[in-house]
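Here is a short briefing on the model shown below.

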Amino acid sequence: MSVTAAIRDRDVAQLPSKRDEEWRWTDLRGLIRILPTPSLAFRGDVGVGPFDELVTRVITLVNGRGEATIDVPPGETAWVALRVISRGDGAHSARVTIQVGAGARLHLFETYEGEGGYLSQTLLAISLAEAASVERVVLAADSPGGVSVSQAEVSLSPRADFAQTVATTGGRRQRIETRVSHPGGHANLRLDGVYLLADKAHADLTTVVTHDGLDGLTEQLTKGVVRDQARGVFQGRIVVAEGADRTDAKMGHHALILSDRAEVDAKPELEIYADDVACAHGNTVGALDEDALFYAQQRGMPETVARALLTEAFVGQVIDRIDQAEAREVIRAWAAERLRA
Amino acid sequence: MAAVKQTVDHVESLEKYKHGFVTDIEQDFAPKGLNADIVRFISAKKNEPEWMLQWRLDAFERWLAMDEPDWAKVSFPKIDYQDSYYYAAPKAKVGINSLDEVDPDILETYKKLGIPLREQEVLAGVIGSPRYAVDAVFDSVSVVTTFKKELAQVGVIFCSMSEAIREHPELVKKYLGSVVPVSDNYFACLNAAVFSDGSFVYVPPGVRCPMELSTYFRINAENSGQFERTLIIADKGAYVSYLEGCTAPMRDENQLHAAVVELVVLDDAEIKYSTVQNWYPGDPETGKGGIYNFVTKRADCRGDRSKVSWTQVETGSAITWKYPSCVLRGEGSSGEFYSIAITNGRQQADTGTKMIHLGANTRSRIISKGISAGRSSNTYRGLVSAHPKAKGARNFTQCDSLLIGKHCAAHTVPYIEARNGHAKFEHEATTTRLSEDQLFYVMQRGLSQEEAVQLLVNGFVKDVLQELPMEFAVEAQKLVAISLEGSVG
């Protein structure tokens, strides 16, 4: 069962369904009756991406087409915007390979920009050599009719540093999956996410981190706000293999449900085979704190303003963790615009 | 410190598995294997009415069409369902009225069991023995039910399931299978087809059951699966506390235990269900033998403001696979789940709970403490869900895992599904090992390493132990210590 096989073989039966435990809340098989025909090349203008001004190189993949290799030589620093664009109602799949040499730095700003009722898959293979550092900021703006699956396989080396923040408004079905192979060796990993969902949007943030060696550090914080009939999904799994002692892993997921018909599903998992570890996860789901709302209104704020302020502060905690200042402000503006709407 | 001293003394007095002995009494076996004729045989053996036989046969039909589930984080050789005995009764004695008629060997067995409950005193008729009503299930057949008269005076029905089928068919027909439907899952379906006996409790409206009800199961016959079926109904405003304790003799062949427990709670009623499970866990070195404990336990809080509390101490069994659940249907109903699961040697446990919030203002609380030692694996798996109508639903979950040793595993797999904007769910989990600092401190105060571990572990599980009824709490504390024997050093 894989999206890759389904698109390649044009076989709808190979799409993952809710019977597959890892996809129980993101059922593609039940949603897609007939697999779309392969997407045609798109010749129109795709405009400017939100991060284009911050980088020295822009890679644009339209309907699965285009060059997609990023290679940062040892010791160098690169600023790259990766735009994954979908247009129309077809199915397409793109592959991206990213290699970051020893001691090199990569600032990767990735966007998903969609229009239409497409089925899009993006596979990313990201490898970090020793002491390499990557900050990946993903802004996913799929269309309300689009089905999008992004799957990244990240492989870390000792003393590497990988920090990721995913910001999404969802799609008809959208899954952003990150699998990290963590060798320990004082490598640092941060996996964050923000989902702001309205109408019938669906977003699924899935992460799997496997610690294989001594002294690994993982921190995760995901926050979401859902309204209308939207559905937010968070699945996080941290695996600590036998012998991966002195692993320190923390995972947090917190969601606000702002309407009666919205839904949040979460599964924060720990799978531990070593005893000298400190692992914890926390998960909360609920409405906006009525007391805080009352307090803000009492200070003279209209209710709508008070709500926007409180929800912005709620997700702001994740956005604050983005290292690169300009990218952080792009995401902050994006969140404010959606929460004040 | 008295309790700790007691624990230590108890551990010292212990040889390996204390309850590993076999009582040799004449068994009345059904032939090996499973088919419709065996189901008929069991039904006939128990003099069941036709409707019950039909119910069983229907379940058996459905079971044939089902596949054995494999999603739990446990592994075991494939079970050959045709290689087991599905019915073993102690040699039938018609109409046991007094304890004198009970097979002396059985009484001897109770004596050997020692502490778990004080039933043997009750069974032996010791004057001034504590007032527990015991429905002892000895390899599938309820041998004797004490205190039945006293309970009858307040209208409480406490008897074996087979008796309930004969004496109270209207209640059984109304409630049996209404919480755990026949085809709910593979093992529950198998149970529905071949269940041998179990306990039945009905507490009438407004009655507070005057004593703790207790039962315990003991798997005795070689290769005989035990399939109890328990049904407890608390009518409007009623209260009952039910204790279940288990021990089983040492055995080489794996034994299958697939019980079903159904609780029905009506308006303003409350059921407290406590379990201490101490079945043979298999050989600590090889993992050979040991009980497969695949149990379906579910409570249906049908009434408004009803309440269910599950407390479990799981220390035994080679494989434990159970999720005592609460369906919170009634408005303002609440569910609680307090669990200690300890695995050592080669044991595997996949256990947790489901809190399904259907009604408005329903509340639930989950406290789970898992301890893994040796080469064992311990998984907490739980579901908390709020449906769109469950406005104001509230859940708090805390699951902590403690690892003792380099080769054990602890997993936490919580599922959280919130489908409305007025539910509030909180979940927190931690996984750690015994703190070196604390161990050092305690040992510095003069305790041996083993004692120090016991003390710290007892502290770790205290939140749950204090939820147990008094008479279980002391026993459970000892059990915790015994289960972790030899896990350090």
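**Loop residues of chain A**

Asp199(A) counts as exposed, because it has 11 C-beta neighbours inside 10 Å, and the cut-off for exposed is 12 or fewer. The model is predicted.

*Positive phi in two loops*

- Asp199(A) sits in the loop that links β11 (188-197) to β12 (202-211) of chain A.
- Its phi is near 55°, a positive value in a residue other than glycine.
- Most residues other than glycine have a negative phi.
- Asp228(A) also has a positive phi, near 50°.
- Asp228(A) belongs to the loop between β13 (217-226) and β14 (231-240) of chain A.
- Asp228(A) has 15 C-beta neighbours inside 10 Å, so it counts as partly exposed.

- Arg227(A) lies in the loop between β13 and β14 of chain A.
- Beyond its neighbours within four places in sequence, Arg227(A) is in contact with Ala198(A), Leu258(A), Ser259(A) and Ala262(A).
- Arg227(A) and Ala262(A) are 35 residues apart along the chain, yet their C-alpha atoms are separated by 5.5 Å.

*Phe42(A) and its surroundings*

- Phe42(A) is placed in the loop between α1 (3-9) and β1 (57-62) of chain A.
- Phe42(A) counts as partly exposed, because it has 18 C-beta neighbours inside 10 Å.
- Setting aside neighbours within four places in sequence, the contacts of Phe42(A) are Val62(A), Asn63(A), Arg87(A) and Gly88(A).
- From Phe42(A) to Ile85(A) the C-alpha distance is 9.7 Å, across 43 residues of sequence.

**Chain A as a whole**

- Chain A has 4 helices and 17 strands.
- Its radius of gyration is 20 Å, close to the 20 Å that the globule rule gives for 341 residues, so chain A is as compact as a globular protein of that length.
- The C-alpha trace of chain A spans about 55 × 50 × 45 Å along its principal axes.
- Of the 341 residues in chain A, 49% are buried.
- Take the contacts in chain A between residues at least 6 apart in sequence: 80% of them join residues at least 24 apart.

*Extent and make-up*

- How many residues of chain A are in contact with chain B? The count is 32 residues of chain A, in contact with 32 residues of chain B.
- On the chain A side, β16 (263-272) and β17 (277-286) each supply at least two of the touching residues.
- That side of chain A has 15 nonpolar, 6 polar and 11 charged residues.

*Strand pairing across the interface*

- β17(A) is joined by 7 bridges to strand β24 (residues 424-433) of chain B, and the two run antiparallel.
- In this pairing, His281(A) stands opposite Ala429(B) in β24(B).
- β16(A) pairs with β23(B), also antiparallel, over 6 bridges.
- There, Leu270(A) stands opposite Thr412(B) in β23(B).

*β23(B) inside chain B*

- Strand β23 (residues 409-418) of chain B has 9 of its 10 residues buried, so it is largely enclosed by the rest of the structure.
- Within chain B, 10 bridges join β23(B) to strand β21 (residues 377-386), and these two run parallel.
- Val384(B) stands opposite Ile416(B) in β23(B).

**Helix α2 of chain B**

- Helix α2 (residues 36-45) of chain B has Val39(B), Ile42(B) and Ser43(B) as buried residues.
- These buried residues fall within an arc of 95° seen down the axis of α2(B), so they line one face of the helix.
- The cover over the buried residues of α2(B) includes α3 (50-64) and α9 (186-194) of chain B.
- Which exposed residues does the face of α2(B) turned away from its buried side carry? That face carries Asp37(B) and Ala44(B).

Note on methods
Residues are numbered from 1 along each chain as its sequence is written. Chains are lettered from A and ligands numbered from 1 in the order in which they are written. This is a predicted model: local features need pLDDT of at least 70, side-chain atom pairs count only at pLDDT 80 or more; totals for chains, interfaces and linings use all residues. Two residues are in contact if their C-beta atoms, placed from the backbone, lie within 7 Å. Ala, Val, Leu, Ile, Met, Phe, Trp, Tyr, Cys and Pro count as nonpolar, Asp, Glu, Lys and Arg as charged, and the others, Gly among them, as polar. Two strands pair if DSSP finds at least two bridges between them. A residue is buried if 20 or more other C-beta atoms lie within 10 Å of its own, exposed if 12 or fewer, and partly exposed in between; C-beta atoms are placed from the backbone. The radius of gyration is taken over C-alpha atoms; the globule rule is 2.2 Å times the number of residues to the power 0.38. The arc is that of the directions from the helix axis to the C-beta atoms.
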